[in-house]
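Dear colleague,

Please find below the structure that I am handing over to you.

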Amino acid sequence: MTIDQSLIEKLKSARSLVFFTGAGISAESGIPTFRGKDGIWKKLKPEELANFDAFMSNPDMVWEWYNHRKKIIHEAQPNKGHLTIAEMQNYFDEVIIVTQNIDNLHRRAGSKNIFELHGNIERNFCVNCKKFYNEELDFSEGVPKCECGGLIRPDVVWFGEYLPEDQFKGGEKAAGNADVFFIVGTSAIVYPAAGLVFTAKQSGALLVEINVVETEISSAVDYSFFGEAGTILPNILEAYKSSIVS
Ligand code: BJW
Ligand code: ZN
């Protein structure tokens, strides 16, 4: 695959790279995406599971889904896409990850500056008093409850819920300061996260999309790479490395 020389030139003068990532970057680690060909939501509608009312009316079902995904995530390893983004830290002044994923794979790959817009599957809290329960939960007597009697839920962001303010603000600032803004493995349909693409564009960032298919934001980007993130990202970094030694 050839990487456009004009993109390499832009990267050479870039100070801040931002990677806005979604479920697609973890697909090659064996973690199913939400939508699309291999999406986990082909049978169940997202609204049926990823919302607070669904949890309160059927906490067993929602926890079963999260425990199933947690098991897959724990068995998964960061792939070449995550690892290449982490390696970029050796070549650029600033590399920031703004992820919609809850799977920790960027952190496990070695990335340092990460904003998690939709929470983290390793944390849980009480729906009533908000106390955190981050240790392994015991499901032997059903859905675990807090000492106050409230149900314990995963610390993830469901539909109709606000994103964690510090994480979203950090993502917005990163998008506003980005020289090159990569959009990797996301359908870019869930807001306000997807709005960061336009924040970056309006602030003058170069937009680079990496996805196996066209998305809602494809027409807004400067460069589109159609293919797997675990192949395209290493190709971009290799092309960049060759250009700085030659
Ligand atoms: C590859 C690849 C490879 C595959 N390489 N690529 C109307 C009604 C109700 C609400 C709304 C409405 N209109 C708008 C809203 C707001 C709503 C929203 O955006 N809805 C739209 C879907 C319509 N947003 C919200 O509700 C948000 N909160 C909010 O707005 O607060 C304000 C508010 C407060 C109170 C009242 C009202 C408003 C919250 C959104 C939370 C989203 N949560 C989830 C679950 C998180 C926890 C969990 O993981 O379980 O976040 S939903 C799910 O979607 C998850 C993801 O982070 C998110 C985005 O998905 P993502 O990552 O893009 O994955 P996919 O599967 O969609 O795409 C994968 C892509 O990868 C595909 O394009 C593939 O092609 C590609 N791919 N393999 C490269 N190898
Ligand atoms: Zn409680």
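The notes below cover the domains, the salt bridges and several individual residues.

This is a predicted model, in which local features need pLDDT of at least 70 and side-chain atom pairs count only at pLDDT 80 or more, while totals for chains, interfaces and linings use all residues. Residues are numbered from 1 along each chain as its sequence is written, chains are lettered from A and ligands numbered from 1 in the order in which they are written, and side-chain values use heavy atoms, with hydrogens and water left out.

**Domains and their interface**

The domain assignment divides the protein chain into domain 1 (1-31 + 77-118 + 163-246) and domain 2 (32-75 + 123-156); such bounds come from an automatic or database domain assignment. The contact between them takes 14 residues from domain 1 and 12 residues from domain 2, where contact means heavy atoms within 4.5 Å. The C-alpha centres of domain 1 and domain 2 are 28 Å apart.

About 960 Å² is buried between domain 1 and domain 2, and carbon and sulfur atoms give 62% of this area. Buried area is the accessible area (1.4 Å probe) that two parts lose on being put together, summed over both. Of the area that domain 1 buries against domain 2, 46% is supplied by A23, I31 and I102, more than by any other three residues.

The rule finds 1 salt bridge across the interface of domain 1 and domain 2. A salt bridge here is a side-chain nitrogen of Lys or Arg within 4 Å of a carboxyl oxygen of Asp or Glu. There is also 1 residue pair in polar contact across this interface, with both residues at pLDDT 80 or more. A polar contact is a pair of N or O atoms within 3.5 Å; within protein, one must be able to donate a hydrogen and the other to accept it, and residues adjacent in sequence count only if both atoms are side-chain atoms. On the side of domain 1 that touches domain 2, the residues comprise 6 nonpolar, 5 polar and 3 charged. In this grouping Ala, Val, Leu, Ile, Met, Phe, Trp, Tyr, Cys and Pro count as nonpolar, Asp, Glu, Lys and Arg as charged, and the others, Gly among them, as polar.

**Salt bridges**

Side chains of opposite charge can pair when their charged atoms come close. By the rule above, the count comes to 11 salt bridges. One of the pairs is E87 with K241, whose closest N and O atoms are 2.8 Å apart. Because E87 lies in helix α6 and K241 in helix α10 (residues 229-245), this pair ties together parts that are 154 residues apart in sequence. Helices (H or I, at least four residues) and strands (E, at least two) are DSSP runs, numbered from the N terminus. E87 is partly exposed, with a relative accessible area of 29%; buried means under 20% relative accessible area, exposed over 50%, and partly exposed in between (1.4 Å probe, protein chains only).

K241 also forms a salt bridge with E238, with 3.4 Å between the closest N and O atoms. Both residues lie in helix α10, 3 residues apart, about one turn of the helix. E165 and K169 form a further salt bridge (2.7 Å, N to O), and both lie in helix α8 (residues 165-177), 4 residues apart. E165 is exposed at 55%, whereas K169 is partly exposed at 47%.

R123 and E116 meet through their side chains in a salt bridge (4.0 Å, N to O). Both residues belong to a network of salt bridges that links R107, E116, R123 and D155.

**Individual residues**

T84 lies in helix α6 (residues 80-88) and is buried, at 6% relative accessibility. Not counting residues up to four places away in sequence, T84 touches L233, P234 and L237.

T99, in strand β2 (residues 94-99), is buried at 2% relative accessibility. Beyond four places in sequence, the contacts of T99 include T21, H106 and E116.

In helix α9 (residues 195-202), the buried residues are G195, L196, V197 and A200. Among the elements that cover them are β1 (16-21), β2 and α8. Just after α9, G204 takes a positive phi of about 95°.

N128 lies in the loop between β4 (119-126) and β5 (152-156) and is partly exposed, at 49%. Leaving aside neighbours within four places in sequence, N128 is in contact with C148 and G150.

Yours sincerely
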